[in-house]
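I opened my notebook to look through this model one step at a time. Here is what I looked up, in the order I went.

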Amino acid sequence: MRVGIGLPTSTPATDRELILHWARRADAGFSSLGVVDRLLHDCWEPLASLAACAAVTERARLVTMVVIGPIRNTALLAKQAATVDALSGGRLVLGLGLGARNDDYEAAGVDSRRRGKDFTRQLVELRQVWEDGVVGPRPAQPDGPVLLVGGGGSAAFARAARHADGYVHGGGPPRAFASAAARVRAAWIDAGRPGEPQLWGQAYFALGAPKALAAAAEYLRKYYRFTGGFEERIVAGNLTTPAAIKDFVRGYEEEGCDELVLLPTVSRMDQLERLADVLA
Amino acid sequence: MKINVLGAGPAGLYFAILMKRADPRHQVRVFERNHPDATFGWGVVFSEGSLDELEHADYESFFSITEACANWNPIDVRYRGISTRIRGNVFSGVGRRRLLNILQARARELGVQMTFGHEVESLDPYVEADLVVGADGANSLVRSFAADVLRPSIDLAPSRYAWFGAELAFPVFTYIFRETGWGLFQAHCYPYDEAHSTMVLLVSGETWRRAGLDELDEQGSLELCEAVFAEDLLGRRMLSNRSLWINFPWVRCRSWHTDNVVILGDAAHTAHWSIGSGTKLALEDAISLARAFVKHRNRLKPALAEFELERQPVVDRLQDASRVSCEYFQTLQRYFTFEPLQFAYQLMTRTPRITHTKLTVRDADFVRQVEAHFAEPATGRLAYAAPPPVFTPLRVRSLTIPNRLVFLDGPLDEGAGLVITVPYAVSSEGRIALDTPTVIGPPLPQGSLVCVQLGHAGRRASCRPMRFGVDRPLPSAEAWPAFSASPIAHAPWMPVPRELDREGMDRVTAAFVAAARHAEEVGHRMLLLDFAHGGLLASFISPVANRRQDEFGGSLENRMRFPLQVLGAVRAAWPLQLPLAVAYTAADHVRGGLTLGESVEVAAKLREEGADLLLVVTGQTTADSHPEYGRMYGVPHSDRVRNEAGVATIAFGQITTLDEINTILAAGRADLCVLERQLSPAKSGDS
């Protein structure tokens, strides 16, 4: 299993310097750099952020986990993705999902009632744009960026199996990942796809002094307030000790995860260094 | 903390005890509508593992409860006048009143204030406390007061059940099935002390009405049931106490707490009584919640979050299992052709939690007998012992499939009895993509028996390679015309197919026949025709894809006409002694799709036309129709089709272990199983 790290694009008080320094430093020690997406929150736009990372990194894969697909125009999204793929020399992994908030759709002026159907069609059309080359540019990866689908239910598993290269899990203990992964594999076989789906996982972490951990909890609470009570569970699931991180990584590896991306919850460079030490 | 507990059932009392035990300074008050000695529902049973958790939570009450419990491990299944015993199960039962009295005494001893005969009319008088606990049962008022946050959903099972007592102690947990002129009566009986048993009776809605139970008063219903179970009661009386016939309410909630209100036990989630875990769940809820308060030093937010985090997966799993169990008891008449041994095995393995291996641990001799009987038709003799079901050969026509394990698309050298190939298109227009094979090669001289799959992609034809996804139409310059029952596209982004005309039907039938003949010529001995997966023949069967006005559309008989024509023609061309299987869609999973009744009819028609085996799949009728994935998701469909249409089946859908396969086979849910081989966990090194 490979381990990647998230880019602090949604944590409070992040800035240009931190992002670029973080990306450069991550390039040496982590297999991928991940970004999250939310419209109504002051987090940075994921593909624009990855474009910047592409310029200062050489080897880490650049992964969105996940970009909210249906609020974006498909042709434009395909073009952006192809551009980031070209800029990075073929390192883009495009994770897409429905997102969890209706107000993101409202703000984007997109009807959320059709979002499931729109999303499925978008997945098919993205590949079509990359393959047919009418929009351009051609992505650097000959088959186009790796396409992952996120989400929790059977509709998401079916979408991942039928129209993508794999699945990106939304977070939770190894057991939750295992259960979703088994369903994705079943959906993949059901669809008659050759080969196997790629399976990606993610989790939040924070390391260091109690003050940092409190800030992390505060950030998660705020970021997930819209869930109406679920935010406490996300806070409880944050990995805040070296032992918890090691157990978690081992657990995901056991369950057949291909790549696990650990997302920071504090905008400080020491978070990356501490995580690198734990994983060393 | 000031804590108000509403409801003095097991959950409420136990939580009060544990909180008071954790910190005597807590001020805990319990309010209950009923009298302390009132009880409804005779005995409670703990059938899910042991009560170890109680031992750690509170020694004193644990000892009193275990002393009061009746313990037994066998189960008797009385069916067709024969009683089959399965040993090694762990059960204990205790009178509900006895249990409550023990908990009341313990609570009193610890200084919990209890008020009985107290009606709750609103939450207002209670919410000034730090915490309000709704432990007020399946009809919880607390839940309804806080419904906007808890978001409960309640739906009712179609069957009717009622709790009775009986003035005799059944020797062990006993299931009784009695057929009457009104329909089937089931009794689930367990002793709760030396002289009394609980009898939970279950009937279908129709039986309930036919028997007149909807009109009878409590005494009348009691007498009727005594007459039905007279033989089992050995002349003793049944007892009633508010024994009303009700539909079981499924309660689920999005959340179990608001800022300072939390619900426990049946108030938060019900689990069907047929797996006997309602009380255990309630007590474990109380333990989990009390522990969360200790861990988080009585801070509400994290404690309540932790409680839900810990309990929800456990409760979900048990609710799912209990749902399967309830479904089983509502539909078990489909198994009435089974011999008593297999019937009992089926009952024991009704939820996925009890597998062949687990049952072997419980009662090895029972499983040995089941295995011996399972192998009898294949070997022609009833041996003392036989290999597990998966290694039992299956004879179909004159072909013997050496074992029950099926792989899709290989490998041929890893022990599967049967390997089903990828679909071969019977004609170039029926190809899914350019790389879909059409030329059937000869089978390899050794390895698994190969079953050649023949299909026509219909409106899903003319796509790009599946390596990057399905249903991706070729650019129009490279595309070829697709045909379907009606000109309706498989997905909005796919081209509209042409309606297949009579000439086209003849062409397709001839192509299937030619492919079958060719397969025989090169030496194949088994065929699978693909009438599923949204292909051409599936499009005729599903009302969603078939809108024809001619004799091939409309009624099920009409929609089946062309598929049966193809099947009949292939059957006539394929050697009589060789088996023919059909892949068929048992559920469309889309609005307006095949009904359950129709899907059984389709299966029966396919069997009559000469299909020896059905590969049962679901979904893919349209681009977005899919099953609910999960462990063994396809098996209930195989089970239904096999036992209602009387046809041999190949089960498919997230079957991943041999243990699952043995269980499915021995329980008569399928005749062969497609195994999805597990990849080794550490599959990817550094790359």
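**Entry 1: where the chains touch.** I began with the contact between the two chains, keeping in mind that this is a predicted model. Chain B puts 32 residues into the contact, and chain A puts in 37 residues.

**Entry 2: the domains of chain B.** Next I looked up the domain assignment. Domain 1 of chain B is made of 1–69 + 92–150 + 252–338, domain 2 covers 158–247, and domain 3 covers 405–674. Between the centres of domain 1 and domain 3 of chain B, taken over C-alpha atoms, I noted 49 Å.

**Entry 3: a sheet in chain B.** Then I traced an open sheet of 7 strands with mixed pairing, in the order β6-β5-β12-β13-β14-β11-β15. Which strands stand at the edges? They are β6 (82–86) and β15 (238–239) of chain B; each has a single partner strand, so one side of each has no neighbour in the sheet.

I picked one pair to follow further. Strands β13 (residues 183–191) and β14 (residues 197–203) of chain B are antiparallel and share 6 bridges. Looking across to β14(B), I saw Thr198(B) opposite Tyr190(B).

**Entry 4: a helix over the sheet.** Last, I checked what lies across β5 (75–79), β6 and β12 (173–180) of chain B. Helix α12 of chain B, residues 340–348, does, and it runs at about 45° to β6(B).

Conventions. Residues are numbered from 1 along each chain as its sequence is written. Chains are lettered from A and ligands numbered from 1 in the order in which they are written. This is a predicted model: local features need pLDDT of at least 70, side-chain atom pairs count only at pLDDT 80 or more; totals for chains, interfaces and linings use all residues. Domain bounds come from an automatic or database domain assignment. Two strands pair if DSSP finds at least two bridges between them. Helices (H or I, at least four residues) and strands (E, at least two) are DSSP runs, numbered from the N terminus. Two residues are in contact if their C-beta atoms, placed from the backbone, lie within 7 Å. Axes are lines fitted to C-alpha atoms, for helices over the stretch in contact, and angles run from 0 to 180 degrees between N-to-C directions.
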